[in-house]
Amino acid sequence: MSPLSTLKSLLAASTAAALLFAAPGASAQNTPGVLKVSAIPDEAPTELQRKFKPLGDYLAKATGLKVEFTPVTDYAASVEGLINKKLDMVWFGGFTFVQANVRSKGQVTPLVQRAEDEKFRSVFVTTNPAIQKLEDLRGKTLSFGSESSTSGHLMPRSFLLGAKINPDTDLKRVSFSGAHDATVAAVAGGKVDAGALNISVWEKLVEANKVDPKTVRVFYTTPGYYDYNWSVRSDMNPALQKKIRDAFLALDASTPQGKEILELQRATKFVPTKAENYKAIEAAARNAGLLK
């Protein structure tokens, strides 16, 4: 091979490598070398940032990219951010994943979920001793979380409908707190008779002594359903998708780093997931009239 041919080959290889590793597919806002990540705002922004920091550092080392966490104002913004290529990866609830997948015509790929998300649950809480079951909510006030929340609205609504209770006609008033911890605060403060939220946030609040379970108590826990996942745009470079997926799957609670990240994510481990897992969520959303 001539020196010129050798040089051309080296330049071609370097260009291919740069295209493969410099940016996450059609990178968010065309920022080379940066992986832009966000999450549905189901908790306070400061808490989301705290939970993500060790994971972000871990993913940066695994991918060779700078990882930036960008908070969003509401659930809809997380969906639009991924679809409009302002974000590369998002922590979605089951319903927001479905919304993003439908809006993008199947151009969103769920990579991993926590093992706990294969059978996630919601809880209904109250301070009212007269409320012991879902049927007791008739004529009462109830707070959901965000309208786009799987565990704070869609699935609780679905189980209410299954119990022959239409929240819009059988309850005195329905409100939306915007976040799971805000729902608990509304119940504890007497603003509503009851509230629905995800079991993970409930357990965390109890463990942190931020709520007294003798005062605010769980009176109904839903059956399990698929929920949260980490999703990326389907146009992300397949090699990068694999790096990210493999990094999540490699997290091990027996190592100090793995233990810290998994505890913050309230996970025992991460497992692969697929779009088909969320068909039941999509069906529940359409049945409840929440997905057009």
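Guide: Start with Thr 183. Is Thr 183 buried or exposed? Thr 183 counts as buried, because its relative accessibility is 0% and the limit for buried is under 20%. Keep in mind that this is a predicted model. Thr 183 has its place in helix 7.

What does Thr 183 touch, once residues up to four places away in sequence are set aside? Its contacts are Ser 143, Phe 144, Gly 145, Ser 177, Gly 195 and Ala 196. Two of these names lead onward.

Take Phe 144. Phe 144 lies in strand 6, which covers 141-144. Phe 144 is also in contact with Val 174. Val 174 sits in strand 7, made of residues 173-176. Val 174 counts as partly exposed, because its relative accessibility is 24%. Leaving aside neighbours within four places in sequence, Val 174 meets Leu 142 and Pro 167 as well as Phe 144.

Helix 6 spans residues 167-170, and Thr 169 is in it. Thr 169 counts as exposed, because its relative accessibility is 58%. In contrast, Thr 183 is buried at 0%. The C-alpha atom of Thr 169 lies 9.1 Å from that of Gly 139, a residue 30 positions away along the chain.

Now go back to helix 7 itself. Two packed helices are described by the angle between their axes and the distance between the axes. Helix 7 runs over residues 180-188, and its partner, helix 8, over residues 199-207. Their angle is about 60°, and their axes are 9 Å apart. The crossing is right-handed. Which residues make this contact? Helix 7 brings His 180, Asp 181 and Val 184, while helix 8 brings Val 201, Trp 202 and Leu 205. By class, that gives 4 nonpolar, 1 polar and 1 charged residues.

In the loop between helix 8 and strand 9 (217-221) lies Asn 209. Asn 209 is not a glycine, yet its phi is positive, about 60°. Asn 209 counts as exposed, because its relative accessible area is 70%. Lys 105 belongs to the loop between helix 4 (94-103) and strand 4 (108-114). With a relative accessible area of 71%, Lys 105 is exposed.

Ile 131 is in the loop between strand 5 (122-126) and strand 6. Ile 131 counts as buried, because its relative accessible area is 0%.

A longer span in sequence comes next. Ala 288 lies in the segment after helix 11 (279-287). Ala 288 and Leu 154 are 134 residues apart along the chain, but their C-alpha atoms are separated by 7.7 Å. Ala 288 touches Leu 154, Arg 157 and Leu 161, residues up to four places away not counted.

Rolling a probe the size of a water molecule over the atoms shows where empty space is left. How many cavities of 30 Å³ or more are there? The count comes to 1. The largest cavity holds about 190 Å³ of space. It is lined by 18 residues, and those closest to its centre are Glu 43, Leu 48, Lys 51, Trp 91 and Gln 265. Helix 2 (45-63) and helix 8 each supply at least two lining residues. By class, the lining has 9 nonpolar, 3 polar and 6 charged residues.

Last, step back to the whole protein. It has 11 helices and 11 strands. Of its 292 residues, 50% count as buried. Among contacts with a separation of 6 or more, 77% join residues 24 or more positions apart.

Key
Residues are numbered from 1 along each chain as its sequence is written. This is a predicted model: local features need pLDDT of at least 70, side-chain atom pairs count only at pLDDT 80 or more; totals for chains, interfaces and linings use all residues. Side-chain values use heavy atoms; hydrogens and water are left out. Axes are lines fitted to C-alpha atoms, for helices over the stretch in contact, and angles run from 0 to 180 degrees between N-to-C directions. Helices (H or I, at least four residues) and strands (E, at least two) are DSSP runs, numbered from the N terminus. A crossing is left-handed if the near helix is turned anticlockwise from the far one by less than a right angle, and right-handed if clockwise. Contact means heavy atoms within 4.5 Å. Ala, Val, Leu, Ile, Met, Phe, Trp, Tyr, Cys and Pro count as nonpolar, Asp, Glu, Lys and Arg as charged, and the others, Gly among them, as polar. On a 1 Å grid over the protein atoms alone, a cavity is a set of points where a 1.4 Å probe fits but cannot get out, and a pocket is an open set with protein on both sides within 12 Å along at least five of seven lines; lining residues have an atom within 4 Å of a point. Grid points are joined across faces, edges and corners, and a volume is the space filled by probe spheres set on the points. Buried means under 20% relative accessible area, exposed over 50%, partly exposed in between (1.4 Å probe, protein chains only).
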